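Thank you all for making time for this. Please have the sequence and the 3D view open, and I will walk through the parts one at a time.

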Amino acid sequence: MSDEIERVIRAGMTETPDFPSEGILFRDLSGLFADADGLRAVSAALVDGFDAATVVGVEARGFVFGTAAAVATGKGMLAVRKAGKLPGDVLAESYDLEYGVATIEVHPDTLAPGTRVVIVDDVLATGGTLAATIRLMQRAGWVVAGVAVVIELEALGGRAALPADVEVRSLLTL
C-alpha cells in the first residue's frame, strides 16, 4: 500500500468516539466519498492486480467503493444486498452479529458460473459480513479472486474469520 493512498484515506476519514455506542471509535469515510480524485485513487487501488471480471460491493458503503472501482477499472459491479431488498429468486446467506443474525442476498443468475469476482467493502472488522459474502459467492458458482477493504481494524481479528486461501488486501490497517 502506498504512502499516498494512506494519506488520501486518512485525509478523508473522521473519527467519532462513542458512536454508535460507548467504547466504539467510529471511522467515517464520507470525506473520502466527496473527494473525486481521492475516491478514484482509493477505489482503483482496492482492485488493482486482482484477476476478476466483476467487483462485488457489499451493502452499503461497499456499493460506493465497488461502483467506483468498477468504473475506474472497466469491470462490472454486483451489489450484495441486505435481506428483503431484491425481488424474485435469491440466494441468501446468514451470519451472526454481536446481538442477532443478519442475512445478505444476491440474484444467482446475474453472473455466469465461474465468473471471477473481487469483493470490496469499506472496513474489515470482525469478518462476519465478508465471510458470509465469500460463502454466498461460492454457492452462486462464482470464483472469489480476493477481498479488498479500505480499512482493516486489526484488533478485531476479522482476517481470521475469512478462508485462508482467499487473498485479503487492506489499504490501511489500524
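This is a predicted model: local features need pLDDT of at least 70, side-chain atom pairs count only at pLDDT 80 or more; totals for chains, interfaces and linings use all residues.

Before anything else, a word on naming: helices (H or I, at least four residues) and strands (E, at least two) are DSSP runs, and they are numbered from the N terminus. Residues are numbered from 1 along each chain as its sequence is written, and side-chain values use heavy atoms, with hydrogens and water left out.

Let me stay with Pro 87 for a moment. For accessibility I will say buried for under 20% relative accessible area, exposed for over 50%, and partly exposed for anything in between, with a 1.4 Å probe and protein chains only. Pro 87 counts as exposed because its relative accessibility is 60%. From C-alpha to C-alpha, Pro 87 and Val 106 are 9.8 Å apart in space, although 19 residues separate them in sequence.

Is strand S3 (residues 54-58) enclosed or open? Five of its five residues are buried, so S3 is largely enclosed by the rest of the structure. In a regular strand, side chains alternate between the two faces of the sheet. In S3 both faces are covered, with Thr 54, Val 56 and Val 58 buried on one side and Val 55 and Gly 57 buried on the other.

As for its partners, two strands are said to pair if DSSP finds at least two bridges between them. S3 pairs with S4 in the parallel sense over five bridges, and Val 58 stands opposite Val 80 in S4. S3 also runs parallel to S7, to which four bridges join it, and there the bridge partner of Val 56 is Ile 119. Together with helix H4 (residues 61-73), S3 and S4 make a right-handed β-α-β unit; right-handed here means that, with the strands pointing away from the viewer, the path from the first strand over the helix to the second runs clockwise.

Strand S7 (residues 116-124) and S8 pair in the parallel sense over eight bridges, with Val 144 in S8 as the bridge partner of Val 117. Strand S8 (residues 143-152) is itself mostly covered, since nine of its 10 residues are buried. S8 also pairs in the parallel sense with strand S9 (residues 168-173), over five bridges, and the bridge partner of Glu 152 in S9 is Thr 173.

A pocket is defined on a 1 Å grid over the protein atoms alone: it is an open set of points with protein on both sides within 12 Å along at least five of seven lines, whereas a cavity is a set of points where a 1.4 Å probe fits but cannot get out, and lining residues have an atom within 4 Å of a point. Grid points are joined across faces, edges and corners, and a volume is the space filled by probe spheres set on the points. By that account, about 1,300 Å³ of space lies in the largest pocket. Its lining has 35 residues, of which Arg 61, Val 123, Ala 125, Thr 126 and Leu 153 lie nearest its centre. Strand S7 gives the largest share of that lining, four residues.

Finally, the charged pairs. A salt bridge is a side-chain nitrogen of Lys or Arg within 4 Å of a carboxyl oxygen of Asp or Glu, and a search of the whole structure finds 10 of them. In one of these, the side chains of Arg 7 and Glu 4 meet at 2.7 Å, N to O, and both residues lie in helix H1 (residues 3-11), three residues apart, about one turn of the helix. Arg 27 forms another with Glu 15, the closest N and O atoms being 3.2 Å apart. Arg 27 lies in strand S2 and Glu 15 in strand S1 (residues 14-17), so this pair ties together parts that are 12 residues apart in sequence.
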